[in-house]
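Subject: Structure handover

Hello,

Please find the structure below. My notes on its packing follow.

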2 protein chains.
Amino acid sequence: MSQHSIAIIGVGKIAVDQHLPVIAKNPAFRLAALVSQRGIEQAGVPTFRTPAELYAAMPDLDAVAICTPPSVRHQVALEALNAGMNVLLEKPPAPTVSELADLVRQAAARRCVLFATWHSQYNAGVEEAKKRLAGGKIASLAITWKEDVRRWHPGQEWIWQPGGFGVFDPGINALSILTEIAPEPFFVTAASLTYPANRDTPIAARLTFASDAGLPGAALTAEFDWRQTGDQTWTIEIALEDGTRLTLIDGGSKLAVNGDLTVAEPMAEYEGIYARFAGLLDRGESAVDAAPFHLVADAMVVGKRETTDAFEW
Amino acid sequence: MSQHSIAIIGVGKIAVDQHLPVIAKNPAFRLAALVSQRGIEQAGVPTFRTPAELYAAMPDLDAVAICTPPSVRHQVALEALNAGMNVLLEKPPAPTVSELADLVRQAAARRCVLFATWHSQYNAGVEEAKKRLAGGKIASLAITWKEDVRRWHPGQEWIWQPGGFGVFDPGINALSILTEIAPEPFFVTAASLTYPANRDTPIAARLTFASDAGLPGAALTAEFDWRQTGDQTWTIEIALEDGTRLTLIDGGSKLAVNGDLTVAEPMAEYEGIYARFAGLLDRGESAVDAAPFHLVADAMVVGKRETTDAFEW
């Protein structure tokens, strides 16, 4: 295992809260630089204003972690691949399905590692749930992902703008757990999408799925809602054919089996992400799970639109 | 080149109008059977009520052409792949992005040929336009796809139901030409989607693209409208950096270069489809261009929804 030099592009909240501290404590990585339009600095490493300046100054850099807003991620990632960099992408990996598919092709053509991260997949309960689902049949699935948009995205207008994903911004985390643990792929067969009268993205959504992992006639659903005040709910409940009940709680960090808490660990999502990225870099392998993003696009394609009260902060 | 036995699954209008006569005149194929729930028959070949009956009776069949409605295409295709069949899919190849991606994986795992057809790609002007675009830069692109839904889809309620695609049903034909001729991929950056007040799919759409094939700042747009009476318009106008103007007319069957009609041939879309399928079967190769479908999904993801007058037949 070699040590990999890495730069962070886009030094916003997620980079400061997660990427920088996790890189600092992982000996497989050495933080080499930051790229920040606003000139955010950290002692001991240079800050560049643009990726082009970074690549010109440090052509031997191993990798970049792209933490910019999603809208520019394809362009920034392509520039990185063209500079020969290995690339880690924050979620969602691109603004559109087409741009993600293009990045996969471009990375393969350049023999660069491309890693699309889905942070929720790294919670402790997820791996155990996957093990217990392997080979089993699902009698029912109920995803409930209800949170308060005012608490988690205060004043962030971009979430309501076309392409801003709306409630699918948190909902895709649940879908990324589903695609990770499911023994067979899931497909969206119907969806209702609830739009505030004055906004361009949904504030709530309800999805119905089909899957060969489910028993015939099984109810397979997801409910996303951004209007929940008080307690927040990020739960995936699965009943298996043999009667076993699996409940992923708190976004996957806890797993109850038949009501008994079996896994309960502190969230360590980004530790898991960087441990996996180190392995991918060592082996020269890419890992891009497009399935969560495809499910969101499919919900928008098949979804029936409904209108609800206007949303104001 | 060997002769391939083939069965048609779903004997509706497109099978009768196109697939059956084209198979009959292509010596690379031998029509072996029909599958028709309604029991539609053709002299000289057996009709089965279900695909399962077909595969039980004819396990050595080479291929099936799936001409059912799109909503069941994934399920019917998967059943065919599981029976070891090579598969031709009518457009659109599946109801969702996820189902198409799944079919690609499943066909590869079973070493079966999977061919997703986009009939508009086989018009005579398309290949010539592709040649003239190769290596060039696009100064402007204007797709205009305007037709009368009452003429082309009389009384077909499914086009207005969630997942029915609406005006993207014809629009995806234009996008399939774009993805075929473009020297670099196109991405949807913005879209407006116009829904009748009483319907669940758009009656009109306007898309804006970005592409490395375009000059910086180039206007790259598509306009789809189902409300055009009288003359129908299926045109793609492209201006190149060197001043050349390419105009694909009548869905791609004609090409004008700087106003002069350079290619004008009768439509022979399905002849082209089956000629290509024969080659794919001979070589054991799949051909699935998911890009047109991805662009539609992306337009739904980034699109701004607008409401217009209710639509009644």
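How much area is buried between domain 1 of chain A and domain 2 of chain A, and what percentage of it do carbon and sulfur atoms give? Before the answer, the conventions. This is a predicted model, in which local features need pLDDT of at least 70 and side-chain atom pairs count only at pLDDT 80 or more, while totals for chains, interfaces and linings use all residues. Residues are numbered from 1 along each chain as its sequence is written, chains are lettered from A and ligands numbered from 1 in the order in which they are written, and side-chain values use heavy atoms, with hydrogens and water left out.

Domains within chain A

Chain A is divided into domain 1 (4-116) and domain 2 (123-265 + 297-308); the bounds come from an automatic or database domain assignment. Their centres, taken over C-alpha atoms, are separated by 29 Å. Domain 1 of chain A puts 4 residues into the contact and domain 2 of chain A puts in 5, where contact means heavy atoms within 4.5 Å. The buried area is about 360 Å², and carbon and sulfur atoms give 66% of it. Buried area is the accessible area (1.4 Å probe) that two parts lose on being put together, summed over both.

Chain B against chain A

Here 30 residues of chain B are in contact with 30 residues of chain A. The two chains bury about 2,400 Å² between them, 63% of it on carbon and sulfur atoms. On the chain B side, B:Phe187, B:Val301 and B:Arg305 lose the most area to chain A, together 24% of what that side buries.

Between the chains, the axes of helix 4 (residues 97-109) of chain A and helix 9 (residues 291-302) of chain B come within 8 Å and cross at roughly 135°. Axes are lines fitted to C-alpha atoms, for helices over the stretch in contact, and angles run from 0 to 180 degrees between N-to-C directions. Helices are DSSP runs (H or I, at least four residues), numbered from the N terminus. Helix 4 of chain A and helix 9 of chain B are therefore oblique to each other: angles under 35 degrees count as roughly parallel, over 145 as roughly antiparallel, 65 to 115 as roughly perpendicular and the rest as oblique. A:Val97, A:Ser98 and A:Ala101 meet B:His294, B:Leu295 and B:Asp298.

Helix pair within chain A

Helix 1 (residues 13-25) and helix 8 (residues 269-283) of chain A have axes that come within 9 Å and cross at roughly 55°. These two helices are therefore oblique as well.

Regards
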